[in-house]
Amino acid sequence: MRTTVVALTTLLLAAVLPLGVAAAVDPVAAEIQFVDLINSERTSRGLNPLATHSDLVAGARYQADAIRDAGYLFHNADLGAVTSGWKKIGENVGYGGTVSGLHAAFMNSTGHRANILDPAYTHVGLGVVVEGSTIWVAEVFMQSTVAITQQTTFTAPFRDDDGLSYEQDIIALAAAGITSGCGAERFCPFGYVSRAEMASFLQRGLGLASLSVDFFWDDTFSSHHGAINAIANASIAAGCGNGRYCPGAAVSRGEMATFLTRALGLPKASRDYFWDDNGSLHEASINALAAAGITTGCGSGTFCPWGGMTRGEMATFLVRGLDL
């Protein structure tokens with residue numbers, strides 16, 4: 001494990017920026033081009049160039065994929081949960097026609113420009129998804145408080161959760177065979193949980209048999225197809241409308257409350273736990289989850305029902321719910 005864990009206040013910056021229509025490009029090449037443009041802006045003003053970091057790239061790619069799947073722009077509110085090795089966090093998100101056009105638009109927007117030119121930042125991660133003629137991009141900026149190097153030792157089975165509050169829950173989830181991570185000894189704890197991933201988490205956790213009977217038409221080519229059918233058959237998921245499941249979309253915290261309440265058969269709560277879910281379709285489920293001790297919300301009497309659910313948070317929710 002990392003011997004240095006720094007818990008500091010984090011800051012999420014920038015506004016959301018929608019832009020026009022894009023020409024198809026290679027995503028990795030676009031990510032490199034964005035980094036080059038950012039560093040060109042910084043060095044021309046005497047600022048330090050930003051180093052890339054694999055954790056930030058992974059998080060940015062998850063976010064770019066999430067906004068593409070959702071079809072609209074939003075920020076990852078859970079970036080502020082990072083406490084190990086980072087103290088200041090910023091995020092730019094947008095979509096448009098060309099890398100240069102998107103970058104120029106960011107530079108012409110006060111919040112986005114502030115992220116790009118903030119002298120405190122030391123690292124950046126770029127995530128690009130190209131769909132048809134549209135580029136979706138997420139830029140994650142962070143300031144390192146410790147020397148960030150490739151770890152040579154770590155607490156198995158994952159190297160990217162050491163020192164996090166979720167670590168023991170992630171380890172328990174892996175030991176129960178519910179997750180194998182996101183590849184290369186990584187769990188990607190700050191990535192959003194997609195609806196498809198959520199299906200597999202629940203299917204494995206509940207011991208449901210994978211089904212070939214098809215409930216939705218838009219998950220045919222998903223590797224989570226059998227799990228999606230399994231939770232639909234168990235009346236845990238009813239899809240997202242018009243015979244679709246929306247497997248690539250990020251799950252909101254409110255939606256996750258309903259999935260878990262159904263999956264665990266939780267009884268109705270007798271009190272209202274949070275003030276920011278009033279009127280939400282998921283309010284009853286959120287209260288049931290709180291009454292069962294599975295969640296304490298996101299602070300100050302709130303649940304943040306419209307925020308995304310990170311993989312780390314999901315690990316904790318499942319460990320508590322399944323009593324692992």
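This short talk describes the salt bridges of one structure and the surroundings of the residues that form them.

Good morning. Please keep in mind that the model before us is predicted. In total, 7 salt bridges are present in the structure.

Let us begin with Glu41 and Arg45, whose side chains form a salt bridge with an N to O distance of 2.9 Å. Arg45, at 39% relative accessibility, is partly exposed.

The second pair is Arg68 and Asp69, with a salt bridge of 2.8 Å, again taken from N to O. Arg68 has a relative accessible area of 18% and is therefore buried. Asp69, by contrast, is partly exposed, and its relative accessible area is 28%.

I turn now to Arg311 and Glu197, whose side chains meet in a salt bridge at 3.2 Å, N to O. Where in the chain do Arg311 and Glu197 lie? Arg311 belongs to helix α10, which covers residues 311–322, while Glu197 belongs to helix α6, which covers residues 195–206. The two residues are 114 residues apart, so this pair links distant parts of the chain. Arg311 is buried, at a relative accessible area of 3%, and Glu197 is also buried, at 15% relative accessibility.

Thank you for your attention.

Note on methods:
Residues are numbered from 1 along each chain as its sequence is written. This is a predicted model: local features need pLDDT of at least 70, side-chain atom pairs count only at pLDDT 80 or more; totals for chains, interfaces and linings use all residues. Side-chain values use heavy atoms; hydrogens and water are left out. A salt bridge is a side-chain nitrogen of Lys or Arg within 4 Å of a carboxyl oxygen of Asp or Glu. Buried means under 20% relative accessible area, exposed over 50%, partly exposed in between (1.4 Å probe, protein chains only). Helices (H or I, at least four residues) and strands (E, at least two) are DSSP runs, numbered from the N terminus.
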